[in-house]
Amino acid sequence: MKNSQSSSKSRKTVLITGASVGIGAATARLFAENGYDLIVTGYSHQHELNQIVQYADSLGRQCHAYSVDFSDSASIDRFLDSLDREQLHFNLLINNAGISRIGLIQDTSADDWNALFQVNVAAVYRLCQYAVKKFLSERNRETSLLGQHSSVFSNGSETSGETVSCTNTGTARIFSGRNGTFSCPGKILNVSSVWGVCGASCEAAYSATKGAVNSFTKALARELAPSHIPVNAVAFGAVDTAMNGHLSEEDRAVLLEEIPAGRMATPQEAAEIIWQMAGFGDYVTGQILVADGGWT
């Protein structure tokens with residue numbers, strides 16, 4: 001699904017996975033309201049995903065929507081092939097798609113374990129790998145057009161703390177300084193969980209996947225820092241979404257008593273946090289921002 005407007009490299013574009021409901025939907029709406037075109041994915045909630053397309057269209061923003069099953073490698077392949085075929089470009093990747101399973105470890109099947117890691121970890125790796133290749137390819141293309149081949153190393157350039165000027169080209173930010181020209185071609189933001197930081201009883205498998213996302217975020221940030229591609233994550237606590245809809249009224253009351261803020265975050269609050277995190281410059285990288293109302 002997509003609206004009728006054509007794609008343009010000169011416009012700010014965000015790719016958000018799991019954007020049909022919850023945090024992803026609120027984030028997609030917020031970015032569209034702030035001038036971003038959208039590339040969004042969903043799977044189990046196609047009607048809601050279509051509503052995101054319609055909302056973006058009402059704001060005059062482009063929106064390309066795809067049905068992607070992140071538990072299926074072939075579905076991911078088809079999605080990435082579609083992006084290439086339609087020559088879609090994006091400045092920011094937000095890996096939000098995820099699933100959870102609740103149960104004792106002795107009741108967690110191998111299929112459950114593998115599904116969690118496929119959606120919550122492997123899909124993040126696949127999307128990040130794709131994005132990095134695209135970001136670097138676009139950066140190299142732009143620096144080539146600027147005629148600055150000698151000023152940019154193959155993996156980015158160092159500035160040694162110098163003062164630089166910045167030009168926003170829409171697709172990348174081009175910086176100039178004494179040591180030449182380099183670019184911040186894109187950003188990556190992973191949506192994680194506090195359970196990846198401290199772990200949760202009866203959610204060992206889910207906690208393991210989010211711990212993997214946090215470690216992956218930190219490692220990839222170190223790898224990409226010379227290329228000026230920041231990689232960060234937001235580790236949310238309890239957010240009032242369908243993922244927490246299994247809680248009984250009694251369980252919900254107990255949970256809220258444990259949170260110093262006395263409530264869950266709303267999806268809109270989570271989206272605002274993501275928006276703020278995405279606005280940081282590339283010197284802020286490798287960070288896991290915990291947003292949990294003082295819970296942990």
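1. The protein chain has eight helices and ten strands, where helices (H or I, at least four residues) and strands (E, at least two) are DSSP runs numbered from the N terminus. This is a predicted model, in which local features need pLDDT of at least 70 and side-chain atom pairs count only at pLDDT 80 or more, while totals for chains, interfaces and linings use all residues. Residues are numbered from 1 along each chain as its sequence is written, and side-chain values use heavy atoms, with hydrogens and water left out.

2. Of the 296 residues in the protein chain, 48% are buried, a class that means under 20% relative accessible area, with exposed meaning over 50% and partly exposed lying in between (1.4 Å probe, protein chains only). Among the contacts with a separation of 6 or more, 71% are made by residues 24 or more positions apart, contact meaning heavy atoms within 4.5 Å.

3. Seven strands form an open sheet with parallel pairing, in the order β3-β2-β1-β4-β8-β9-β10; two strands pair if DSSP finds at least two bridges between them. The edge strands, each pairing on one side only, are β3 (63-67) and β10 (288-291). Direction ignored, neighbouring strands of this sheet are turned by 15 degrees against each other on average, the axes being lines fitted to C-alpha atoms, for helices over the stretch in contact, and angles otherwise running from 0 to 180 degrees between N-to-C directions.

4. Two of the pairings can be given in detail. β8 is joined to strand β9 (residues 231-236) by six bridges, and the two run parallel; here Ile 188 stands opposite Val 231 in β9. β1 and β2 also pair in the parallel sense, over four bridges, and Val 40 in β2 is the bridge partner of Ile 16.

5. Two helices that pack against the sheet deserve a remark. Helix α3 (residues 73-85) touches β1 (13-16), β2 and β3, and its direction makes about 160 degrees with that of β3. α6 lies across β8, β9 and β10, and runs at about 155 degrees to β8.

6. Strand β2 is largely enclosed by the rest of the structure, because six of its six residues are buried. In a regular strand the side chains alternate between the two faces of the sheet. In β2, Asp 37, Ile 39 and Thr 41 point one way and Leu 38, Val 40 and Gly 42 the other way, and all are buried. Thr 41 has a relative accessibility of 0% and so counts as buried; its contacts, leaving aside neighbours within four places in sequence, include Ile 16, Leu 49, Tyr 66, Phe 70 and Phe 79.

7. The largest pocket has a volume of about 1,400 Å³. On a 1 Å grid over the protein atoms alone, a pocket is an open set of points where a 1.4 Å probe fits, with protein on both sides within 12 Å along at least five of seven lines, and lining residues have an atom within 4 Å of a point; grid points are joined across faces, edges and corners, and the volume is the space filled by probe spheres set on the points. Of the 50 residues that line this pocket, Gly 98, Ile 99, Ser 100, Thr 241 and Met 243 are the closest to its centre. The elements giving two or more residues to the lining are α1 (22-33), β2 (37-42), α4 (110-145), β8 (187-193), α6 (204-224) and α7 (249-258), and the largest share, four residues, comes from α7. The lining divides into 25 nonpolar, 19 polar and six charged residues, with Ala, Val, Leu, Ile, Met, Phe, Trp, Tyr, Cys and Pro counted as nonpolar, Asp, Glu, Lys and Arg as charged, and the others, Gly among them, as polar.

8. Arg 29, in helix α1, counts as partly exposed at 29% relative accessibility. Not counting residues up to four places away in sequence, Arg 29 touches Gln 51, Ile 52 and Tyr 55.
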